[in-house]
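Please keep the sequence and the structure in view while reading.

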Amino acid sequence: MKKVIWSLFDSETAITQELNSDEYIVYSIGLPSSSAITDNFIKIDLSKRSCIKKLEKLPKPDIIFASPPCESWVNVNIGNVRFFKRNFNEHNLYWQKNFKPNNYAIHHRELRLLGQKTAYFTAEIIKKFDPELWCIENGVTSFLFRYLYKYHNAIGYKNMLCYKAYDEKFSVKRTVFFSNKKMILKNDYKKTE
């Protein structure tokens, strides 16, 4: 029997579709760009409460791979960094679980709240569907993992990886696969001649 993979936020490249085989069936789930539509693409807005009910109609996942939008979590894009980092270990208005507006510049507020919503629903989806393996990808400097731990009790392993160590077409930028399992991944790239 094929293992079912849900690839959440797989809307830009649908890259996990390459795993479709005799062993796996992949459902790419998110809001597609026109080039990302495949046979197994399911259009669901993962920042809305209705996403859980819609996902219940799919085959239960054995594996959930999620790559929530990183724009709201990494230093270069979050805006008002001083608010983002301040008093992280204490409850403050900038890390609310209930999505109330926080004290960001107006043009950063919507992006920030979207980040919180997608993180929240990623955690809820994993809790509800309880797959054998789950993995959340985000950048090395991302605050997402701390947020998930603090507000959603997401406990796991930060597995470092460098995509270019697997394929030359990718960037040398490192990323984190936060998962319920410890993984041994290639996290260093050395060009071979």
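Two residues are said to be in contact, or to touch, when heavy atoms of theirs lie within 4.5 Å. The model discussed here is a predicted one.

**The nonpolar core**

- The largest nonpolar core has 33 residues, and those touching the most other members are Trp6, Leu8, Ile29, Leu46, Leu55, Ile125 and Ile136.
- At least two residues of this core are supplied by each of several elements, including strand S1 (3-8), strand S2 (24-30), helix H1 (50-55) and helix H3 (106-129).
- The largest share of this core comes from H3, which gives seven residues.
- Once residues up to four places away in sequence are set aside, Leu46 touches Leu8, Phe9, Ile29, Gly30, Cys51, Leu55, Lys117, Thr118, Phe121 and Ile125.

**The sheet**

- Seven strands make up an open sheet with mixed pairing, and their order is S3-S2-S1-S4-S5-S7-S6.
- Strand S3 (41-43) and strand S6 (157-162) each have a single partner strand and stand at the edges, so one side of each has no neighbour in the sheet.
- On average, and with direction ignored, neighbouring strands of this sheet are turned by 20 degrees against each other.
- S6 pairs with S7 in the antiparallel sense over six bridges, and Asn159 stands opposite Phe177 in S7.

**Strand S5 and its surroundings**

- Because six of the seven residues of S5 are buried, this strand is largely enclosed by the rest of the structure.
- S5 pairs with S4 in the parallel sense over four bridges, where Phe65 has Cys135 in S5 as its bridge partner.
- S5 and S7 run antiparallel and are joined by five bridges, while Asn138 stands opposite Val176 in S7.
- Helix H4 lies across S5, S6 and S7, and runs at about 130 degrees to S5.

- The side chain of Glu137 makes a polar contact with the side chain of Ser67, at 2.4 Å.
- Leaving aside neighbours within four places in sequence, Glu137 is in contact with Phe65, Ala66, Ser67, Pro68, Tyr163, Thr175, Val176 and Phe177.

Key. Residues are numbered from 1 along each chain as its sequence is written. This is a predicted model: local features need pLDDT of at least 70, side-chain atom pairs count only at pLDDT 80 or more; totals for chains, interfaces and linings use all residues. Side-chain values use heavy atoms; hydrogens and water are left out. A nonpolar core is a set of buried Ala, Val, Leu, Ile, Met, Phe, Trp, Tyr and Cys residues joined through side-chain atoms within 4.5 Å. Buried means under 20% relative accessible area, exposed over 50%, partly exposed in between (1.4 Å probe, protein chains only). Two strands pair if DSSP finds at least two bridges between them. A polar contact is a pair of N or O atoms within 3.5 Å; within protein, one must be able to donate a hydrogen and the other to accept it, and residues adjacent in sequence count only if both atoms are side-chain atoms. Axes are lines fitted to C-alpha atoms, for helices over the stretch in contact, and angles run from 0 to 180 degrees between N-to-C directions.
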